[in-house]
Amino acid sequence: MAADNEPSFYIHGASPDEQQRLAALNGLINSRCFQAVNLQGVGTILDVGSGLGQFTRLLASHLATRKKVVGVEQDARQLAEAQRLAQAAGENDLVEFRAGNALDLPLRADEWGTFDLAHARFLLEHVRDPLAVVRKMVEAVRPGGRVVLADDDHDVLRLDPEPPGFMALWQAYVRSYDRHGNDPYIGRRLVSLLHQAGARPSGRRWLDFGSGAGEATFDTVVTNVTNILLGAREVVLAESLLDANRFDRAIEALREWSRRPDVALWYAICWAEGVRPA
């Protein structure tokens with residue numbers, strides 16, 4: 001269990017393998033996430049939980065008049081890798097990466113209430129008080145500024161035909177969230193969170209990230225799901241949510257399933273936007 005004073009608990013950690021998984025995931029989903037964000041009139045961005053910084057830099061690179069783009073990341077390993085990737089891409093000046101957590105944003109007094117856009121993706125599912133985080137994001141944007149949230153609802157995943165033992169494994173993984181004070185179903189609550197945080201909800205949609213046999217993205221999607229589960233294996237076993245034999249058999253069944261010519265994986269990310277009232 002997470003300690004009461006822990007603001008967040010990221011089940012997957014920040015090992016090199018996890019960073020590699022996240023980098024591949026960014027390559028898979030960033031373009032579609034970018035299409036959902038309207039950058040017209042946006043010159044300043046705050047990206048909360050910026051991780052490896054790939055999406056933060058993508059947003060920054062498309063601003064017509066960039067004034068300031070700040071990425072906030074709590075994990076020192078993620079932050080260091082984000083800075084390394086930015087340097088390798090020759091984009092050191094696109095984003096200012098800062099160490100800090102979502103409940104105590106590292107902003108100067110004169111920066112609060114100035115950002116045109118505050119964004120968070122795959123963050124709220126890992127924090128103990130998501131409403132407090134969204135409130136901070138609303139405070140960070142100017143009147144009329146926007147808050148964009150994208151997150152998971154792990155209940156929407158479906159595989160057809162279903163691999164033997166897979167859903168038992170998936171549900172064990174999902175239960176590992178609430179054992180640590182996280183919310184695996186936070187995606188369905190995004191509009192409500194924006195409203196409670198003082199923003200005026202202005203839009204919501206599904207971002208489809210499923211795939212099926214014969215699609216160019218299929219191997220990447222299945223590999224991501226497999227690595228998500230393998231990365232949570234230690235937590236799942238430690239919490240006695242599933243025994244090692246059933247875990248490993250389900251992973252092997254998933255791998256065998258992925259080689260079939262008639263399969264499909266259905267999944268979508270929840271996306272919502274709100275505006276800070278003038």
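1. The buried residues of α5 are covered by elements including β6 (158-160), α7 (218-231), α8 (233-238) and α9 (244-258). Covering here is by contact, meaning heavy atoms within 4.5 Å. Helices (H or I, at least four residues) and strands (E, at least two) are DSSP runs, numbered from the N terminus.

2. This is a predicted model, in which local features need pLDDT of at least 70 and side-chain atom pairs count only at pLDDT 80 or more, while totals for chains, interfaces and linings use all residues. Residues are numbered from 1 along each chain as its sequence is written, and side-chain values use heavy atoms, without hydrogens and water.

3. Helix α5 spans residues 166-178, and its buried residues are F166, M167, L169, W170, A172, Y173, V174, S176 and Y177. Buried means under 20% relative accessible area (1.4 Å probe, protein chains only).

4. Helix α4 (residues 130-140) is largely enclosed by the rest of the structure, because eight of its 11 residues are buried. These are P130, L131, A132, V133, V134, M137, V138 and A140. Their cover includes β1 (44-48), β4 (115-121), β5 (141-151) and α6 (190-196).

5. The second largest pocket is lined by H12, S15, D17, E18, Q20, R21, N227, L230 and G231. α1 (16-36) and α7 are the elements that each give two or more residues to this lining, and α1 gives the most, with four. By class the lining has one nonpolar, five polar and three charged residues, with Gly counted as polar.

Key. Buried < 20%, exposed > 50% of the residue type's maximum accessible area, 1.4 Å probe, protein only. 1 Å grid on protein atoms, 1.4 Å probe; cavity = no way out; pocket = protein on both sides within 12 Å on 5 of 7 lines; lining within 4 Å.
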